[in-house]
Amino acid sequence: MTFLGLASKNAWRKPGRTILLIVSVTIAFALYAVLQAFLNGASGAAVDQGRLVVANGASAAQSLPVRYLDTLETLDGVDDVAFSARMRGFVGTEDNIAVVTAVDPERGYRVFGQELGLDPAMIEGLSAERDALLVGQMLARAMGWQVGDRVSITGFHDVQKDGSRNWAFTVAGIFPGKTASTDTYFAIAQYGYFNAMRQNGADTVKNFVVIPAEGVDPQSLAPKIDAQFANSPYPTRTQSEKQFLQSFMRQIGDLKAVVGMVVAAALITIFMIVVNTMAFAVRERTFEIGVLKSIGLSRHRIMSLILSESLLVFTIGGALGGILGWIACRFADPSIGLVFSVAGWVNIAALTLGLGLLSGLLPALNAMRLPIVQTFKAR
Amino acid sequence: MSDPIRLQSFITLSEIDKSYRMGGQTVPIFQDLSLTIEQGEFVAVMGPSGSGKSTILNMLGGIDRPDRGKLTIGNSQLHRMGEGALTAWRAQHVGIVFQFYNLLPMLTAAQNVEIPLLLKPLNARSRRERIRTVLDLVGIGDRAHHLPSQLSGGQQQRVGIARALISDPQLLLCDEPTGDLDRKSATEIMEMLQFLNKELGKTIVMVTHDPESTRYADRTLFLNKGVFESREVAA
Ligand SMILES: Nc1ncnc2c1ncn2[C@@H]1O[C@H](COP(=O)(O)OP(=O)(O)O)[C@@H](O)[C@H]1O
Ligand SMILES: [Mg+2]
């Protein structure tokens, strides 16, 4: 028998209680893992401080003429410009949403290539056929699409010139996103194809993304851009990408705050119950601890005995919970955007250790301090 | 004394004061208590309940301490030692046998006996050998893997004695070791203590309520209200 053996014998003395404790800790950590993945994901869109978004000045939901591109490109202080149109649609049933962003392949690659994890071969594939489609990994996984598949997306609003709402594409590549938290729940099509086929809104784009030239302050470039179009039928509003995304993010942020608080409350409750039960289990053995002391076990031996016991419960529970959470994240609908990161594991390990020590520490300190003569009275 | 260097007895309590605080009041247990016990002696302590018998044993075992006075055992001055030092001393020099055995219920006899060895840097093999030797010595080698709940009171007390012996201490402190046993088991336990005293030279201080048990002791002390009475009888 080793010291740890003694601790584990102690822990399993009431197997029912110990299993219940481990199950509670497991559930708590599984919840925690999923919550973390949830907070980690979804809003993970990489935001580049330096980039500017040029949108319709009246409403970001309205479009802009694609010909603004020429003006933007020749403007002083502008390095590169990309643009995109968007089609919201669904596959099969209306709740199975798929969004297609239509871009100029070369420009799209220069501006978004890195954050979306695009490579030259993908762009070649996108340019090769008019109806080529690059599909984000999350979307591809959700739809079960693979390279070479013929797929059909039904537009909610976008109708083809022949009246059909069904847009056919060929999957030419699947892009992974720069990191696991990059949103890849959408697809990329050729602007030329989309623009040529659509019945309404020809030659318009949703917005432009402008990369300022080296050394140019984006904040001073923005008003210059808007000044160019101030007297046109479609005035623009130019913001940093961050500002542009903020209103959208705020809604997700609110949701996250609420979910976070609810889950945190549940977690705190579970942990309080566990810590209290552990403390009770140790208090129950005050007399035995006195016996161990009288046999010659020192304070810090007793301490480590109790701490190993509580750490055992938390380590098993934490590991099981983490694994459960990880499995849940893997098999969850990709559109939820759960991202289980390495930092997630580190957090779980740290919490496991911290709470394990804490829940053992309080009763252990008590048991350690009590004079032996007092512990003998606790029989 | 045969040992010319030792000017003192093996155990010396001199002018010990001890009191407990109870609800803001100080209740004196001992005042000016003095006592000496020689190496290899088997001393029985009798007296009414509450007279301070257990308190004496606790002080001898270093699990309680005098308020004033000197307490030396061998070369150790217990009244000067802090808790950590007392714990380490206890692990090496004293074995304690309790009235209710105080075995850990989830451990087998062998594992209960092994606990004090967890403190010692022994390899698994010599550890096993030692446990075997001690369990055989107290006559329950064949019950090594039984849980306390599967043993009779007498057998449990043997495990208790084995645990007290495993570190090979010079001093055994027994607080009513037969108080919970039937006559037959009590006799067996007393014979064993006598064997440990006579054959292995253990010094034994035993508290008992049982006049029969005192027959095995070299000397019986009567404690009354914290004072030793003069009806000290040599065996
Ligand atoms: N930890 C303690 N706190 C307060 N009083 C105590 C404590 N331990 C013992 N006493 C008191 O000291 C007296 C002697 O106790 P004890 O040595 O256990 O007696 P005995 O073993 O002879 O029955 C009793 O009156 C008891 O109530
Ligand atoms: Mg007593």
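This is a predicted model: local features need pLDDT of at least 70, side-chain atom pairs count only at pLDDT 80 or more; totals for chains, interfaces and linings use all residues.
Residues are numbered from 1 along each chain as its sequence is written, chains are lettered from A and ligands numbered from 1 in the order in which they are written, and side-chain values use heavy atoms, with hydrogens and water left out.

Now, chain A in outline. Chain A has 13 helices and eleven strands; helices (H or I, at least four residues) and strands (E, at least two) are DSSP runs, numbered from the N terminus. How much of chain A is buried? Of its 379 residues, 47% count as buried, where buried means under 20% relative accessible area, exposed means over 50%, and partly exposed is in between, using a 1.4 Å probe and protein chains only. The next number concerns contacts, meaning heavy atoms within 4.5 Å. Taking the contacts in chain A between residues at least 6 apart in sequence, 78% join residues at least 24 apart.

Let me zoom in on one residue, A:S359. You will find A:S359 in helix 12 of chain A, residues 342–369. A:S359 is buried, with a relative accessible area of 1%. What does A:S359 contact, leaving aside its neighbours within four places in sequence? The partners are A:V275, A:M278, A:S310 and A:F314. A polar atom of the A:S359 side chain also lies 3.2 Å from the backbone oxygen of A:G356.

On to salt bridges. In general, side chains of opposite charge can pair when their charged atoms come close. The rule used here asks for a side-chain nitrogen of Lys or Arg within 4 Å of a carboxyl oxygen of Asp or Glu. Over all chains, the whole structure holds 24 salt bridges.

Here are some of them in chain A. A:E288 pairs with A:R13, and their closest N and O atoms are 2.8 Å apart. That pair links distant parts of the chain, 275 residues apart: A:E288 is in helix 10 (residues 286–295), and A:R13 is in the loop between helix 1 (3–11) and helix 2 (15–40). A:E288 is buried at 14% relative accessible area, whereas A:R13 counts as partly exposed at 24%.

Another pair is A:R150 with A:D131, at 2.5 Å from N to O. A:R150 sits in strand 6 (residues 150–155), and A:D131 lies 19 residues away in the loop between helix 5 (120–128) and strand 5 (132–136).

The side chains of B:E41 and B:R219 meet in a salt bridge of 2.8 Å, N to O. B:E41 lies in the loop between strand 2 (25–37) and strand 3 (42–46) of chain B and B:R219 in strand 9, so the pair ties together parts that are 178 residues apart in sequence. Strand 9 covers residues 219–224. Both B:E41 and B:R219 are buried, with B:R219 at 16% relative accessibility. The B:R219 side chain also reaches the backbone oxygen of B:T36 at 2.8 Å. As for B:F42, its C-alpha atom is 6.7 Å from that of B:R219, although the two residues are 177 apart along the chain.

Finally, where the chains meet. In all, 24 residues of chain B are in contact with 23 residues of chain A. The area buried between them is about 2,200 Å², with 67% given by carbon and sulfur atoms; buried area is the accessible area (1.4 Å probe) that two parts lose on being put together, summed over both.

In it, B:E83 pairs with A:R299, with the closest N and O atoms 3.0 Å apart.

Notes. A polar contact is a pair of N or O atoms within 3.5 Å; within protein, one must be able to donate a hydrogen and the other to accept it, and residues adjacent in sequence count only if both atoms are side-chain atoms.
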